[in-house]
Amino acid sequence: METIASTPTHCPYCALQCGMNVTPLPQGGVEVTERTDFPVNRGALCGKGRTAAQVLSPAVRLTSPLVRSGGRLVEASWEAALDLIAERLGSTREEYGADALGVFGGGGLTNEKAYALGKFARVVLGTSQIDYNGRFCMSSAAAAGTKAFGLDRGLPFPLEDVPKTGCVILVGSNLAETMPPSLRFFTELRENGGTLIVVDPRRTRTAEQADLHLAPRPGTDLALALGLLHLVVAEGRTDEEFIRERTTGWEEARAAAMAHWPEQVERITGVSVPQLRQAVRLFCEPESAMVLTARGPEQQSKGTDTVGAWINLCLATGRAGRPLSGYGCLTGQGNGQGGREHGQKADQLPGYRKLDDPAARAHVAGVWGVDPDSLPGPGRSAYELLDALGTDVRALLLMGSNPVVSAPRAAHIEERLRSLDFLAVADVVLSETAELADVVLPVTQWAEETGTTTSLEGRVLLRRQAVAPPPGVRSDLYVLHELSARLGVEKGFPTDPEEVFEELRRASAGGPADYSGISYRRLAQENGIFWPCPAPTADPATRTHGDIPTDASATADGEDTLLDTLPEDPARDTDSTAGPAVNDPARDAGSVLPVVHPGTPRLFLDRFATADGRARFVAVTHRATAEETDAEFPLVLTTGRVVSQYQSGAQTRRVPELNAAAPGPFVELHPRLAARIGAAEGDPVTVVSRRGRAVAPARITSAIRPDTVFMPFHWPGEGRANTLTNPALDPTSRMPEFKSCAVRVEVLGSQA
């Protein structure tokens, strides 16, 4: 009997990017099995990962282009579908200008796709109107990290460091459900004598594992962090040497924190002063500690300041830029990290370069073979782009996103999508957004294509093709190649992902997210490489020490870029971005011989990525959410995920096993609230906000605060949680306030 080889690859879902083996079965179908050699999951898979192959079935996914005719979508040839898209994009541009064309990407696209999509928007279409759904996920943490450290990488250390630290404060993450294989790192932390503090308004599966659970009112995480820092100062727990030697801005940040008295913080958050003091003691007594945030504190109209306050806590106590210590963000989407590095964001060029920086524009334009002045400037952020559909933006190309379910104020966004002159969607399945399109293109997915992703650790990974796609399915790279040719750009958009990656390497070279030393061959051999990983060079003029270039013409942010600020002492034996010790004899001897950069698992141990190498305190103060409760809307709604569904559910809702475990939406109510409104378990209840209403069964539990209700956001229709959510934006990150809005709850049929 013929043996069919397994292909080692990675899960299509969350940012852990768990390793797995994929094997085509002789009788048809595909099997997913454990892959124990990948250090993040060591073979463990959640239910979504185990069942991922079911979405490869032609029975549940798109296999032919669809074109709207007579008000409905009908099958069409690829030629006809692509011709129509090109014709409508071209005619719209001719009539209304380039910025009447919009492009909307996704955090699940591979690095190659995200790179090509950003290039397509700016070079082929000439539009500034491009952003992606990752804006709704990690943007506040990215903005705060860049302010404080000069660089955004979700985790500045690998997950394997978590069990070795002394304490972790986990803020707004239910990782036991959102990324279950990661829970073992926190279990091992406690087994090793460390402590886990979980901050969450609900007593989640993750909070149940904690040594201390703090349950603040949604939207008050900023006050909580400031109250903890106040106590750190009052109790004399600051690390004065670290503050003096490695930071700036402390006096202003200290004064801001001292205005937040513990008793005041208790009134704002509902977290008692004794709990605040206990948290400070647990965090400060060990030699090392970490703060990790997720969507809870980030998806707020003050998310950047909130994350900044938690970073201030780390800096004030010397829990940053040291082994087994630091601040990190638990990135959510499968390529949420890489997706925000290579050009599909409104303000960004590849390598995490800034679009409005002349040197960055010149470098990338040189790689692309275009005039820097031809590149458009920054455009609208994700929600603002969606809100402009049908008015300023008349035609939209959308890849790998489902904003009908995932966007805040979703009913309004659905209306804006319907108002477009033209909508083209490339997706794996017929999502709720694809159902509105004029053209739908069926594209390949994870196991049917090769490409790279970047995990929450900053580890670049090679996702290998394991099976052939069904007939009639093409890759996103093919789509961009064909559309570019039809729109007059014959070259520059290859369909081979490795060829795209080779160009991405050149475009990223010298930028903060430098991939130039990474290749497909190395990724296959080394099981992933942490960025930054510059290419080897023997030119002393572009070297600091070892092999890290600092050519100013290839930097993204002028004097504040990572690579311009690396130390120039050739005797140092640590990575110049303050990563792990790099035992390179050539470098230790001061040699300039080319060497292969090992990648950078640990950032900032030597210096922070700022002009002077110091981290920046940012003075912040608590402020109310954009929408506070009142007599009409007396409760706070917060939203999140459940273990058996993923994001908008477009793929997981097509898997029977996952649907059986999580068949539909629900409204989580405290027993006192349920009694007050007369709701019993399973009763349909209506949740009403200023933007609309949603209906779902009541789930009564004492694991939630009495003043708070929770809904998961995976479903469309009458149970769509994002019908209710508030699109109020963070002024820096442009993140909508998903995590807090004012609502009322009624038993279905009662007086509205």
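The model is predicted.

**Exercise 1.** Classify the packing of helix H4 (residues 139-149) against helix H13 (residues 303-316) by angle and by handedness, and name the residues in contact.

Solution. Begin with the geometry: the two axes come within 8 Å and cross at roughly 45°. H4 is therefore oblique to H13. The handedness of the crossing is right-handed.

Next, list the contact. H4 supplies Ser140, Ala141, Ala143, Ala144, Gly145, Lys147, Ala148 and Phe149, while H13 supplies Gly303, Thr304, Val307, Gly308, Ile311 and Leu315. Sorted by class, the contact of H4 with H13 comprises eight nonpolar, five polar and one charged residues. As background, an α-helix has 3.6 residues a turn, so residues three or four places apart point the same way.

**Exercise 2.** Is Asn312 buried or exposed, and which residues does Asn312 touch?

Solution. Asn312 is part of helix H13. Its relative accessibility is 3%, and because buried means under 20%, Asn312 counts as buried. With residues up to four places away in sequence not counted, Asn312 touches Leu229, Ala253, Phe617, Val618 and Val620.

**Exercise 3.** Determine how helix H15 (residues 358-368) is oriented against helix H20 (residues 497-508), and what covers the buried residues of H15.

Solution. The axes of H15 and H20 lie 9 Å apart at an angle of about 155°. Since angles over 145 degrees count as roughly antiparallel, H15 and H20 fall into that class. Their crossing is right-handed. The contact involves His363, Val364, Val367 and Trp368 of H15, together with Glu503, Arg506 and Ala507 of H20. By class, these are four nonpolar, one polar and two charged residues.

Now turn to burial. In H15, the buried residues are Ala360, Arg361, His363, Val364, Ala365 and Trp368. Their cover includes helix H3 (111-125), strand E14 (348-349), strand E15 (353-354) and H20. Just after H15, Gly369 has a positive phi of about 75°.

**Exercise 4.** For Tyr352 and Arg734, state where each lies, what phi each adopts and how accessible each is.

Solution. Most residues other than glycine have a negative phi. Tyr352, in the loop between E14 and E15, has a positive phi near 65°. At 13% relative accessibility, Tyr352 counts as buried.

Arg734 lies in the loop between strand E28 (726-729) and strand E29 (736-737). Although not a glycine, Arg734 has a positive phi of about 60°. With a relative accessible area of 25%, Arg734 is partly exposed.

Note on methods:
Residues are numbered from 1 along each chain as its sequence is written. This is a predicted model: local features need pLDDT of at least 70, side-chain atom pairs count only at pLDDT 80 or more; totals for chains, interfaces and linings use all residues. Side-chain values use heavy atoms; hydrogens and water are left out. Axes are lines fitted to C-alpha atoms, for helices over the stretch in contact, and angles run from 0 to 180 degrees between N-to-C directions. Helices (H or I, at least four residues) and strands (E, at least two) are DSSP runs, numbered from the N terminus. Angles under 35 degrees count as roughly parallel, over 145 as roughly antiparallel, 65 to 115 as roughly perpendicular and the rest as oblique. A crossing is left-handed if the near helix is turned anticlockwise from the far one by less than a right angle, and right-handed if clockwise. Contact means heavy atoms within 4.5 Å. Ala, Val, Leu, Ile, Met, Phe, Trp, Tyr, Cys and Pro count as nonpolar, Asp, Glu, Lys and Arg as charged, and the others, Gly among them, as polar. Buried means under 20% relative accessible area, exposed over 50%, partly exposed in between (1.4 Å probe, protein chains only).
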